Amino acid sequence: MKSFFSIFLLMFITKFTSSTLEEPLNACNGRIIGGYQADISQIPFQVALNLNRGPKCGGSLISSRWVLTAAHCVQRVKDTDELQVRINSTYGLAHGRVVDIESFVMHPKYNPLSIDYDFALLELEEEIELGEEFYAAELPKQDEPVEDGTCLQVSGWGKTENEDYGSEDLRLINIPVVNWEKCRKTFRKINYLSKQMICAGGKQISACHGDSGGPLVVGRKLIGVVSWGNPGVCVGYPGVFAKVSSVRSWIKFVSEV
């Protein structure tokens, strides 16, 4: 049986499935359990990572040539021909543009058991033209802190409670940063929480199974990569994200970004 960590994806538990873009997108107010329907223009750096031309994970454009995703999304990939990235599309399996992968690099300290250093960089076969409306995510400085309670946005095509496989439409949710020590105690019986991880979520709003590797952001700045969480129980538990600032130097070393 696969470890739940290796199959953990970001699912939006949608109690109120009628939520639309009319809801306030900047509110971490706990009124909605789940996500809002979104358009790729709101998160232009969000990409869909497809394995063998089927849905697999999410990711983030960090430059015209590189995508940052979770290492556990590609740890079993043997050949780049198995991978493709769909960019500039609200739909994970349609529209936009599909780009092949030239190479990928997992963080050398990635641990598939603890899911520590859950980062992978994907080099695209061709350079993507970026602009004012279609832009890459910004990256934090090495070890740049994020204050507890900061309202962050996470997005992806993860399934909702009314869908068996995944949402056709891009969805997003706003969740607050959870104190690291508090989160460590919450998960102490499940997994070790390292300093390369950041927690976000709340009692009434949470991220769960769906698109691993997707972006956790504040504005345009990429704070985290969707990584893992409590299996089977989402509301009331934060999600755990790989903290981008902890590996900023590695990202620059590999990608020159």
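A disulfide here is a pair of cysteine sulfur atoms within 2.5 Å. The model is a predicted one, so local features need pLDDT of at least 70 and side-chain atom pairs count only at pLDDT 80 or more, while totals for chains, interfaces and linings use all residues. Residues are numbered from 1 along each chain as its sequence is written, and side-chain values use heavy atoms, leaving out hydrogens and water.

Cys-57 sits in strand S3 (residues 54–61) and Cys-73 in the loop between strands S4 (66–69) and S5 (83–87), so the bond ties together parts 16 residues apart in sequence. Helices (H or I, at least four residues) and strands (E, at least two) are DSSP runs, numbered from the N terminus. Cys-57 is buried at a relative accessible area of 2%, and Cys-73 is buried with 2% as well; buried means under 20% relative accessible area, exposed over 50%, and partly exposed in between (1.4 Å probe, protein chains only).

The other disulfide pairs Cys-183 with Cys-199, sulfur atoms 1.9 Å apart. Its S-S torsion is about -80°, so it is left-handed. Cys-183 belongs to helix H2 (residues 180–186) and Cys-199 to strand S10 (residues 197–200), 16 residues apart. Cys-183 counts as buried at 0% relative accessibility, and Cys-199 does so at 1%.

As for the overall make-up, the protein has three helices and 13 strands, and buried residues account for 55% of its 257 residues. The largest nonpolar core has 58 residues, of which Leu-61, Leu-68 and Ile-251 touch the most other members. Strand S7 (residues 120–124) gives the most to this core, with four residues. A second, separate core of 11 residues includes Leu-152, Ile-175, Val-177 and Phe-241. Such a core is a set of buried Ala, Val, Leu, Ile, Met, Phe, Trp, Tyr and Cys residues joined through side-chain atoms within 4.5 Å.

Strand S12 (residues 221–228) is mostly covered, with seven of its eight residues buried. Strand S11 (residues 215–218) runs antiparallel to S12, joined by four bridges; strands pair if DSSP finds at least two bridges between them. Here Pro-215 stands opposite Val-225. Two residues separate the strands of this hairpin, where Gly-219 takes a positive phi near 65°. Four bridges also join S12 to the antiparallel strand S13 (residues 239–243), with Val-226 opposite Phe-241.
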